[in-house]
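Q: I'm new to this one and would like to learn how to read it. Could you walk me through it step by step?

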Amino acid sequence: IIKSTSVDAVVTIATGEYSAARLISTLRRAGQFDRPIYVVTDNPDAVESHGAIPLLVHDFEPSFESDVKRSNWENSKIAKVKWYKTQIFNMLPEESKTVLFLDADVEIHKSLAPFEMKVASYRETLTSTKCTSYCFKERLHTTHSHNSGTCVYFRDASSEMLHEWGREILTGAYSMDQGALDAMLKRTGLKMCSLPSKMQYYTAVTVWTWLGNVLSGGQIQRRAIFVHATSLKSLRHMASE
């Protein structure tokens, strides 16, 4: 197996009842990932018990122009959690230059080595491609361009994109962070590029995912490195080892 270390760290978010235990376990075992795993959380003891590094949500909060806007922030489960996706380089050590963000309901089913080789090639061509970041394309039945649950970000190249995305989320105009992402990309003209679709599989049962996997003889699911359970993932399963 060719060893690649193009990804400096993995980051995920697990607050409230959500757990990153399954993700951490599969990253280490199946993914063979041996670098830092950070979890944005309000439960640091649980994160440390699974061998990851906690990043406390209370240590990183946006500034507000009024008490009303702060109140809206405090009462918004979506904005309050999703905003942290845009702040990862403000929360991580300076030496983390290339970061893989994963939603807590993603599992790793194979070695990350082929994926990291792809990331290394992306990093070498950021100037020529003008890509600010790389994410998987969203599923066909949605209206969004990319799924923000599995993305690669670069400290320098992704800086403006993450900043503008965070601003868009804090407007409170979107029920999903992907909606804010699409609006930001349209407004700014910044470019997000796509990760190889064959490396990802969504387990949420839809006609599209089921039919595609059946027609491929199950190959779509078997060849995937990242298996994303999306909204149908149970909290109990996410916490299992």
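A: Happy to. Let's begin with a word for angles: under 35 degrees counts as roughly parallel, over 145 as roughly antiparallel, 65 to 115 as roughly perpendicular and the rest as oblique. Helices (H or I, at least four residues) and strands (E, at least two) are DSSP runs, numbered from the N terminus. Keep in mind that this is a predicted model: local features need pLDDT of at least 70, side-chain atom pairs count only at pLDDT 80 or more, and totals for chains, interfaces and linings use all residues. Residues are numbered from 1 along each chain as its sequence is written, and side-chain values use heavy atoms, with hydrogens and water left out.

Q: How many helices and strands does the protein chain have?
A: The protein chain has twelve helices and ten strands.

Q: How do I read two helices that pack together?
A: Two packed helices are described by the angle between their axes and the distance between the axes. Axes are lines fitted to C-alpha atoms, for helices over the stretch in contact, and angles run from 0 to 180 degrees between N-to-C directions. Here, take helix H8 (residues 159-169) and helix H9 (residues 177-188): their axes come within 9 Å and cross at roughly 120°. H8 and H9 are therefore oblique to each other.

Q: What is the handedness of the crossing where H8 passes H9?
A: The rule goes like this: a crossing is left-handed if the near helix is turned anticlockwise from the far one by less than a right angle, and right-handed if clockwise. H8 passes H9 in a right-handed crossing.

Q: Which residues in H8 and H9 meet?
A: Contact means heavy atoms within 4.5 Å. On the H8 side you'll find Met161, Glu164, Trp165, Arg167, Glu168 and Ile169, and they meet Asp177, Ala180, Leu181, Ala183, Met184, Arg187 and Thr188 in H9. The residues of this contact of H8 with H9 divide into seven nonpolar, one polar and five charged. For those words, Ala, Val, Leu, Ile, Met, Phe, Trp, Tyr, Cys and Pro count as nonpolar, Asp, Glu, Lys and Arg as charged, and the others, Gly among them, as polar.

Q: Is Glu168 buried or exposed?
A: Buried means under 20% relative accessible area, exposed over 50%, and partly exposed in between (1.4 Å probe, protein chains only). At 11% relative accessibility, Glu168 therefore counts as buried. Leaving aside its neighbours within four places in sequence, Glu168 is in contact with Tyr174, Ala180, Ala183, Met184 and Arg187. Across the protein chain, buried residues make up 50% of the 241 residues.

Q: How do I read a pair of aromatic rings?
A: A pair of aromatic rings is described by the distance of the centres and the angle of the planes. Rings of Phe, Tyr and Trp (its six-membered ring) pair if their centres lie within 6.5 Å; planes under 30 degrees apart count as stacked, over 60 as edge-to-face and the rest as tilted. A search of the whole structure finds five aromatic pairs. One of them is stacked: Tyr122 and Tyr134, 3.9 Å centre to centre with 10° between the planes. This pair links distant parts of the chain, with Tyr122 in helix H6 (residues 113-124) and Tyr134 in strand E6 (residues 131-137), twelve residues apart. Both Tyr122 and Tyr134 are buried.

Q: Which kind of aromatic pair do Tyr134 and Phe154 form?
A: Tyr134 and Phe154 form an edge-to-face pair, 6.4 Å centre to centre with 80° between the planes. Phe154 sits in strand E7 (residues 146-154), 20 residues from Tyr134 in strand E6, and the pair links distant parts of the chain. Elsewhere, Phe115, Phe136 and Phe226 form one aromatic cluster.

Q: What does Leu55 touch?
A: Not counting residues up to four places away in sequence, Leu55 touches Tyr38, Val39, Val40, Thr41, Met91 and Leu92. Leu55 is found in strand E3 (residues 53-56) and counts as buried, at 8% relative accessibility.

Q: Where is Lys130?
A: Lys130 lies in the loop between helix H7 (126-129) and E6. Its phi is near 60°, a positive value in a residue other than glycine. Lys130 is exposed, with a relative accessible area of 62%.
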